Amino acid sequence: MANEKILIIDDDEDYLASIRTLLESHNYVVSEAASGKEGLKKIREEKPDLIVLDIMMETVDEGYSLNQIVKFQKQYEEYKDIPILMVSSIQEDPFTRFSHASGQVEMIIPDQYMTKPVDIPKFLELIKKLLKK
Amino acid sequence: MYAKKEKLIYVIDDDPVMRMSCKQILVKEGFRIETFEDGLKGLKRIQEEKPELIIVDLKMPKLGGMEVIATVNEMDPNIVIVVITGYATIDTAVDSMKAGAYDFLPKPFTSEELRLIVNRGLERRHLIEESNRLRQEKEKMQRQFITFVSHQLQSPLVVVQQFLEVLNHLGDSPKKQELQQEWIERSIIKVKELIDLIRDWLQLSKIESGVLVDKIKAIDPFPIITDIVQTYNEQAKQNNITLTVESPESVSTVKGDEEALNVLFSNLIVNAIKYNKPNGKVTISIEEDSNHVYISVSDTGIGIPEEKLETIFEEFRRIKSESTKNITGTGLGLPICKKIIAELGGKIEVQSKLNEGSTFRISLLKYEE
């Protein structure tokens, strides 16, 4: 089986470097993007098997916007099943944060969420699980 | 002004002449009017659709005006209640106001009086709604700001911790040997960023608590400036940037605090070096008139886009662009300058041209015995 491709979208190049090294040490093929815009471009170009997505980049909710675009916009139809693992140092995860909101909440909820810095064994396990689906 | 169109007003009065005349006057004003002959009918309708304002007679059979006021006020305190009464005494007026009425109109009244009181009541409701909206917006911005600040404070540490954990995870692999030196260096930079941020944040909150005002005394700005120039000369030279001070022979003392002025001038001079171009110039010039001392810091650097000039003095509004991406900063330097200047009763202004440079001009008050 070919090695699975993971795209990391994060505006902190140092954080990117740490996660890239971690994933590469487990034989994943890693590509990276430093913004939501670049991330969308890479999704179209590379069609990764999984996306690790930061929330707060240039704007406070850039990750949520990207999630919404990939999962719900028509021109991203063929990418909508790529699992998205959202990571952020924001302490409140999106499930709690938006639990009181109504309406279009499901639009921005990712497949999974983890707090930065990620707990490495749990992170690797979650990635394995998401890739299996 | 609020938009009058479509505003819904209910008139509740057992006197048909009164209902009719109120309606005639207010329809001409562009309001939507419905009338009711008793309190019960009025209340029933309010439950279906809330008006902006009601006009209610105090003395009615069945449900009296006072009960209507109390019930409406309980249902929605934002509905403006105007009371009309034939037996206007101070007591009844006070009672109805206590129950929640906005104002009262003694019978007989002119159409002009009715128009005035209705418009005033609606204007007030509009102001209340507007201020509620602004308050909610402000609260939302504060919440976002707190999220943002905690993110900024955590990010550098998160990276350092992730570096360490990944290195730890790699065990004794050759990859670890290859990476660890680089990651140590990157971590040192991250920790320094965090320390700078905490220092600036503390600086900002120190000024915010207003302690500066008590410390104001006569300060000679010239030696502070020359000290700073000396301190940063080395850093400037590395990029071939020349620092020049242009000053009259003697400079008056200003109202200030030595530490605060040091922070203020340092921030501006360091910015002028950081955002300069190689072989650029930084000129610090001191001038004065009868009441002020003016200190300008000019650079020949990358400049500030015109649309960003308004926001650069706000917290965390560093300009992100290709030319600034390798320059570190906390996003708090200019907000600190602005706070210090405000505490000292001075002014700060900026002029800038993209790719040509910026000039920050401070005016400080001369110290008078």
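Helices here are DSSP runs of H or I with at least four residues, strands are DSSP runs of E with at least two, and both are numbered from the N terminus.

Before going on, the ground rules. This is a predicted model, in which local features need pLDDT of at least 70 and side-chain atom pairs count only at pLDDT 80 or more, while totals for chains, interfaces and linings use all residues. Residues are numbered from 1 along each chain as its sequence is written, chains are lettered from A and ligands numbered from 1 in the order in which they are written, and side-chain values use heavy atoms, with hydrogens and water left out.

Back to chain A. Of its 133 residues, 53% count as buried. Buried means under 20% relative accessible area, exposed means over 50%, and partly exposed is in between, with a 1.4 Å probe and protein chains only. The accessible surface of chain A is about 6,600 Å², and carbon and sulfur atoms hold 48% of that. These areas come from the Shrake-Rupley method with a 1.4 Å probe; for residues, only the protein chains shown count as cover. Among contacts in chain A with a separation of 6 or more, 68% are between residues 24 or more positions apart. A contact means heavy atoms within 4.5 Å.

Helix 3 of chain A, residues 62-72, is mostly covered, with eight of its eleven residues buried. The buried ones are A:E62, A:G63, A:Y64, A:L66, A:N67, A:I69, A:V70 and A:K71.

Now chain B. It has ten helices and twelve strands. Of its 369 residues, 43% are buried. Its accessible surface is about 20,500 Å², with 51% belonging to carbon and sulfur atoms. For contacts in chain B with a separation of 6 or more, residues 24 or more positions apart account for 70%.

Which residues does B:H151 touch, leaving out those up to four places away in sequence? They are A:M56, A:S89 and A:I90. B:H151 sits in helix 5 of chain B, residues 111-169. It counts as buried because its relative accessibility is 9%.

Helix 5 of chain B also meets helix 1 of chain B, residues 16-28. Their axes come within 10 Å and cross at roughly 65°. Two packed helices are described by the angle between their axes and the distance between the axes. Axes are lines fitted to C-alpha atoms, for helices over the stretch in contact, and angles run from 0 to 180 degrees between N-to-C directions. Helix 1 of chain B contributes B:C22, B:I25 and B:L26, and helix 5 of chain B contributes B:S111, B:L114, B:R115 and B:V118. By type, these are five nonpolar, one polar and one charged. Nonpolar covers Ala, Val, Leu, Ile, Met, Phe, Trp, Tyr, Cys and Pro; charged covers Asp, Glu, Lys and Arg; the others, Gly among them, are polar.

Is B:I46 buried or exposed? B:I46 is buried, because its relative accessibility is 1%. It lies in helix 2 of chain B, residues 39-48. Not counting residues up to four places away in sequence, B:I46 touches B:Y10, B:P51, B:I54, B:V72, B:M75 and B:I79. B:I46 and B:V72 are 26 residues apart in sequence, with 8.1 Å from C-alpha to C-alpha.

Last, a sheet in chain B. It is open, with five strands in the order 7-9-10-12-11 and mixed pairing. Two strands pair if DSSP finds at least two bridges between them. The edge strands, each pairing on one side only, are strand 7 (242-246) and strand 11 (347-353) of chain B. The twist averages 10° from one strand to the next.

Strand 7 and strand 9 (residues 281-288) of chain B pair in the parallel sense over five bridges. B:L243 has B:V282 as its bridge partner in strand 9 of chain B, and B:E246 has B:S285. Strand 9 and strand 10 of chain B pair in the antiparallel sense over seven bridges. These two strands form a hairpin with three residues between them. There, B:V282 is partnered by B:D299 of strand 10 of chain B.

Helix 8 of chain B, residues 221-238, lies across strand 7, strand 9 and strand 10 (292-299) of chain B, at about 170° to strand 7 of chain B.
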